[in-house]
Amino acid sequence: MFDSESKDSQVVETWQRFVQGLLGVLALIGAGAMAHYYAPPDSSDLAHQVHQLTQQVADLQRQGAFSPAAVDDARESVAYIYGIYRVSGDPGSPPIHARVAGTGFIVGPSLLATNRHVAEPWYGDREAAVALRHGATPVLEKLEAYFPGSPIPVVLHTAVLANHGDLAILRIEPTAFTEKLKALPLASAPPHVGESITVLAYPMGVTGMVAKSPAAVYERLSSHQDDSGTAGELAALSLIRPSATFGHIGDVSADKLIYDAPTARGGSGGPVLNTRGQVVGINSAYLDGFSGGTLGIAAYNLVPLIERANRTSLSSVKLR
């Protein structure tokens, strides 16, 4: 009887030790799992992840918002262009005598980019085209540029006209002021649909600049003509400044850009900037009655024209 009880006691003790050992093993396994899944990550890896997230946020901010400083700096290199031209000599029609207003921007030493219809105002003009077909002769009597911060205009000369398309490069008669102006960088690729852009230009020309001038100046100049005299008075008062309008690319069709940044007469030739301050296009026209129908030309089309203008400049230096 006692032997049976002793054997039963040994069995119970053995079973208890087995259960205790099993529980110990399970506890060790659980502790290892917790250490694996809940241990804090390596600090160097965490710092790398934070750096990546910070960079991504910065990239998104650059893509979605303009740098005010970049836009403001670019304004210094954007000029108001004023010209007078005539088309005469056709015996069957009266001579055409008119003014032209537009915008241009620095693209190299003494080089200004604009639209061809600003540099050559009769380009694309139907009335002038009829007169030219009947033997009339176009004459550009005056073409000059007013830059922000300069009280006097600079004379412009045609350097290169695009064979196809509404683009031109003009040469500036250099002055101490213009030699300090920076060329605006051109984007190497066209923009994407939906991309944010801004247009720097002189919509409505002198009329637009007078309208946004201080009250005392406006009262004095509002009745003046939209001519070089009024432009000269604005320049003397440091009131020659382009306006900035903002929008988005609505479509890209070959070398043509469509966007909704508003513009008006006088805005032709203005630079279309991306969020990095690069020129992606040249403002060229707008569709009446459609707020999203402003048209521009992709900036990469300027590259061969600038190269031709530089070659012409080098040739003239060698000839001298």
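Which residues in α8 are buried? In this predicted model, the buried residues of α8 are S228, T230, A231, L234 and A235. The sections below set this helix in its surroundings.

## Barrel architecture

Six strands form a closed barrel, arranged in the order β1-β2-β3-β6-β5-β4 with antiparallel pairing. From one strand to the next, the twist averages 40°.

Strand β4, residues 137-146, runs antiparallel to strand β5, residues 154-161, and two bridges join them. A145 has V154 in β5 as its bridge partner. Helix α5, residues 126-133, packs on the sheet and touches β1 (78-88), β2 (96-108) and β4. The direction of α5 makes about 40° with that of β1.

## Helix α8 and its packing

Helix α8, which spans residues 228-236, also packs on the sheet, where it touches β1 and β4. Its direction makes about 15° with that of β4.

The elements covering them include β1, β4, α6 (205-211) and α7 (215-221).

## The ends of α8

At the N-terminal end, α8 is capped by D227, with a side-chain oxygen 3.2 Å from the backbone nitrogen of G229. Just after α8, S238 adopts a positive phi of about 55°.

## Aromatic cluster

The model contains three aromatic pairs. One of them is formed by Y80 and Y146, a tilted pair with 6.2 Å centre to centre and 35° between the planes. Since Y80 belongs to strand β1 and Y146 to strand β4, this pair ties together parts that are 66 residues apart in sequence. Both Y80 and Y146 are buried.

Y80 also forms a tilted pair with Y202, at 5.6 Å centre to centre and with 55° between the planes. This pair links distant parts of the chain, with Y80 in strand β1 and Y202 in the loop between β7 (196-201) and α6, 122 residues apart. Y80 counts as buried because its relative accessibility is 0%, and Y202 is buried with a relative accessible area of 1%. Through ring pairs, Y80, Y146 and Y202 are linked into a cluster.

Helix α6 is among the elements covering the buried residues of α8, and the loop between β7 and α6 holds Y202.

Note on methods
Residues are numbered from 1 along each chain as its sequence is written. This is a predicted model: local features need pLDDT of at least 70, side-chain atom pairs count only at pLDDT 80 or more; totals for chains, interfaces and linings use all residues. Side-chain values use heavy atoms; hydrogens and water are left out. Two strands pair if DSSP finds at least two bridges between them. Helices (H or I, at least four residues) and strands (E, at least two) are DSSP runs, numbered from the N terminus. Axes are lines fitted to C-alpha atoms, for helices over the stretch in contact, and angles run from 0 to 180 degrees between N-to-C directions. Contact means heavy atoms within 4.5 Å. Buried means under 20% relative accessible area, exposed over 50%, partly exposed in between (1.4 Å probe, protein chains only). A polar contact is a pair of N or O atoms within 3.5 Å; within protein, one must be able to donate a hydrogen and the other to accept it, and residues adjacent in sequence count only if both atoms are side-chain atoms. Rings of Phe, Tyr and Trp (its six-membered ring) pair if their centres lie within 6.5 Å; planes under 30 degrees apart count as stacked, over 60 as edge-to-face and the rest as tilted.
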